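Hi,

Here is the structure I promised to pass on. Have a look at it first, and then read my notes below.

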Amino acid sequence: MQMLVSILAIMTGLLGRWVRAGLPLGRGWAGRGRRLLLLGAGLLMCFWGLNRLFPLPPPKSFSTTILAADSSLLCAYLTPDEKWRMRSSPQRINPDMVKAIIEKEDKWFYYHPGINPVALMRALLNNTLTGRRTSGASTISMQLARMREPAPRTYLNKVREMFRALQYEWTYSKEEILELYLSYLPYGGNVEGVYAASYLFFDRPPDKLSLSQAILLSVIPNRPNSLRLDRQGEAARAARDKWIERFRQAGTFDEQELEAALLEPVPTQRHQIELKTPQFCYALKKSHGNRSEIVSSLRPAIQQKSQKLLAHHVQRFSRLGVSNGAVLVIDNRLSQVVAYCGSADFYDMAAQGQVDGVQGLRSPGSALKPLVYALAFERGLITPQMKLLDVPTTYYGFQPENYDLVFHGQVSVHFALSHSLNVPPVRLTKEMGLDVFLDALERSGFDHIKQQRKGLGLSAVLGGCGVTLMELTHFYSALARGGRLYPLYTTLPAPQAQPTTLFSEEAAFLVLDILSDIERPDIPQAYLEASSLPKVAWKTGTSYGHRDAWCVGMTPRYTVGVWMGNFDGHGVPEMSGTQMAVPLMLDIVNAIDRQSGKQWFAPPPGLQQRRVCSESGLPPSPHCTHTQPDWYIAHASPLRTCDLHQPLYVSADTSLQYCPACLPDTGYQRLYFPNYEPELALWFELNQVGVRQPPPHNPLCEARFSGQGPNILSPSADFEYLLERRRGQELLLQAASDPSIHQHHWYVNGQYLGAVAPGEKLFYSPRSSKLNIVCMDDKGRKSKTDIKVVFF
């Protein structure tokens, strides 16, 4: 159109100069030229005006087609007018098909302006001499106009087609016209366009058409209903053979290839367009509904392997009551989704296979714990060999327990994470602050956390919240990229984007290093013995009630997320991430990333090693007898020296302990004893763990001591207790102290209740709603807590 306006401007300018100069048109060739120029200007101005008055009709709507990364078809949807009409780019069609169309319909397509004058004159002459229509003169552009606006074949309508053809030529390039033409070709029924016909009649992409199929598809549009393959197969074969002979006579194709084309059978059955990844395609269509073609990041080879393995594992565990699962695979280098399995079988109605397990909101179990440890590593609270408490703990009525209901007393960070203990990450989260953890979840792409945040507590660390498999797998891909969370892409081309830094590269490496440890309880023995298995780090999760089994595995190249369970939410006793999700994850990693072997992440430059005390995990003091190597983050990890072993004055026979106030002049010695935290010392005593304990303090000592008093374990501070008055319910009083303490004295609202040993339970029946509780040890040190009681 811009070209048309430019030509009109030039011609109008020349004519204007002649008129203003009063020049006659003249005689001879110059006059004829000026007249022709004037005529051409008039025609162009007339065309311009008609083009403004009668613009081209808008293009037809196309079926939404979703392609894989290699351009293969994943899914297609009917147009609003119930047609299979797919955009048919010539670049994606067998060149023989394009060649056959042009040779058959419009040999001079690339050379005329939409109308072929020679063909028009020939057709007019032949039709006049014979008195009937023996040949046509419609160009591809004219046929496109007729397909877009069907009308009876009259001379008037032919003129209109010519005008529309000129409009198409002015508006579109030749390649664009050819694409529209190939997209609108009718093939009978509700099938339009080469792309749709290729899949529906030959079950293959148009760039894989044989010569016979290409010629067949070039012939059918002339009589789409009488040559329809699924109804008039023999007639279609005859028309194909006729044109094969014409192409042989014209030398359009190789003669041997044409002979082979003659022998190829003609299909007479219409295929269905297979929905290869229904849930994924539906999600893309919903988010990109205004696009006729969506090129996804999915890779068919990885998708097929993942879907096949998922179906196999679900069938394997179906006897235990597990009916479904989901898988998501992310390419870590590109942050692209390369496999998306929403369920084991989309068409399994009994198992609710239409549900999208990748987007379903479920409890993650223990799968969020790595975030807690990464945050603690970065803040310098821990290193892999530092010791954490794993003892019974209560926070505002919440009492975390380990999966096997066994406590270990004191464990290393490495052991706590690799064995997925529950108490240590909860205590770390309490130390850092719950908001720190929740803020990190939101930054990590867990969008649903924002909606749940007001109702979340420390239990969120252990799965007391809802996440999706996509959110969880996306977060773990950040661990594989040095703590940097890149936007996750499902379509191509993927733009370049800046990541969100969740934690340091050093913290990410330490978590991955621990999660890659094969000395852990959640690795199947068969996989441990498999020499071909790539090195992989993973974390499992099992939700409360055994409803969900999770596992996310990471290699330098891929992150693989797996969920197993039932879409109706019912649990089964055997459901666990270890038993059901880990084997599937390892099978997928082995199938798609075997060539990576034992390649692994390189330690970041800010990560160094040092010797630490084996009992505390801190840099050793002169009194630490055993040490071991440990990673630490320079300028972040704790540098304080181990202070577990404290000097004490004891009697010559080590039966009594002295303080400076009661230290005798002679008969004593200075020895080092481990000084465990009161909770740990109490746990050792209750579980009869043999550890070296200091002797009791001199009973004749009358000194009072300053410092920290007993650690009140129950009741919890600032907690509201509900008690049924008629049943006479009581409160449990319990506290812990270091081994040198032998008695706890309890007071409630100033009233003395009695004395018990550290860790011993004392019960009290409250009479008022506000209680001030004090516990004093036998050295005069006090601790107190205030609680509220509500009677009903």
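Before the helix packing, a word on how axes and angles are meant here: axes are lines fitted to C-alpha atoms, for helices over the stretch in contact, and angles run from 0 to 180 degrees between N-to-C directions. Helices (H or I, at least four residues) and strands (E, at least two) are DSSP runs, numbered from the N terminus.

This is a predicted model, in which local features need pLDDT of at least 70 and side-chain atom pairs count only at pLDDT 80 or more, while totals for chains, interfaces and linings use all residues. Residues are numbered from 1 along each chain as its sequence is written, and side-chain values use heavy atoms, with hydrogens and water left out.

**How confident is the model?**

pLDDT is the predictor's confidence in each residue, on a scale from 0 to 100. Its mean over the chain is 89, and 91% of the residues reach 70 or more. Over residues 1-12, though, the pLDDT is below 50, and this stretch has 20 contacts in the model beyond near neighbours in sequence. A contact means heavy atoms within 4.5 Å. Residues 14-21 also have pLDDT below 50, with six contacts beyond near neighbours in sequence.

**Helix H14 and its partners**

I'd start with H14, residues 369-378. Let's take its partners in turn.

With H16 (residues 423-432), the axes come within 10 Å and cross at roughly 50°. That makes H14 oblique to H16; on this scale, angles under 35 degrees count as roughly parallel, over 145 as roughly antiparallel, 65 to 115 as roughly perpendicular and the rest as oblique. The crossing of H14 and H16 is left-handed, a term used if the near helix is turned anticlockwise from the far one by less than a right angle, with right-handed used if clockwise. On the H14 side the contact is made by Lys 369, Val 372, Tyr 373, Leu 375 and Ala 376, and on the H16 side by Pro 424, Pro 425, Leu 428, Thr 429 and Met 432. By class, the residues of this contact are eight nonpolar, one polar and one charged. For the classes, Ala, Val, Leu, Ile, Met, Phe, Trp, Tyr, Cys and Pro count as nonpolar, Asp, Glu, Lys and Arg as charged, and the others, Gly among them, as polar.

Next is H17 (residues 434-443), whose axis comes within 10 Å of that of H14, with a crossing at roughly 110°. H14 and H17 are therefore roughly perpendicular to each other, and their crossing is right-handed. Here Leu 371, Val 372 and Leu 375 of H14 meet Val 436, Phe 437, Ala 440 and Leu 441 of H17. This contact has seven nonpolar residues, no polar and no charged ones.

Then there is H20 (residues 505-515), which packs with H14 at an angle of about 135°, the axes being 8 Å apart. That makes H14 oblique to H20, and the crossing is right-handed. Pro 370, Tyr 373, Ala 374, Phe 377 and Glu 378 in H14 meet Ala 507, Leu 510, Val 511, Ile 514 and Leu 515 in H20. The residues of that contact divide into nine nonpolar, no polar and one charged.

**Is H19 buried or exposed?**

In H19 (residues 469-479), 11 of the 11 residues are buried, so this helix is largely enclosed by the rest of the structure. Buried means under 20% relative accessible area, exposed over 50%, and partly exposed in between (1.4 Å probe, protein chains only). Among the buried residues of H19 are Glu 471, His 474 and Tyr 476.

**A few spots in the loops**

- A cis peptide bond joins Leu 492 and Pro 493, with omega about -5°. Pro 493 sits in the loop between strands E10 (484-485) and E11 (500-501).
- Ser 714 to Pro 715 is also a cis peptide bond, with omega near 5°. Pro 715 is in the loop between strands E20 (711-714) and E21 (720-723).
- Asp 203 is a residue other than glycine with a positive phi, near 55°. Asp 203 lies in the loop between helices H8 (194-202) and H9 (211-219) and is partly exposed, at 48% relative accessible area.
- Asn 749 has a positive phi too, near 50°, and is found in the loop between strands E23 (744-748) and E24 (751-756).

Over to you!
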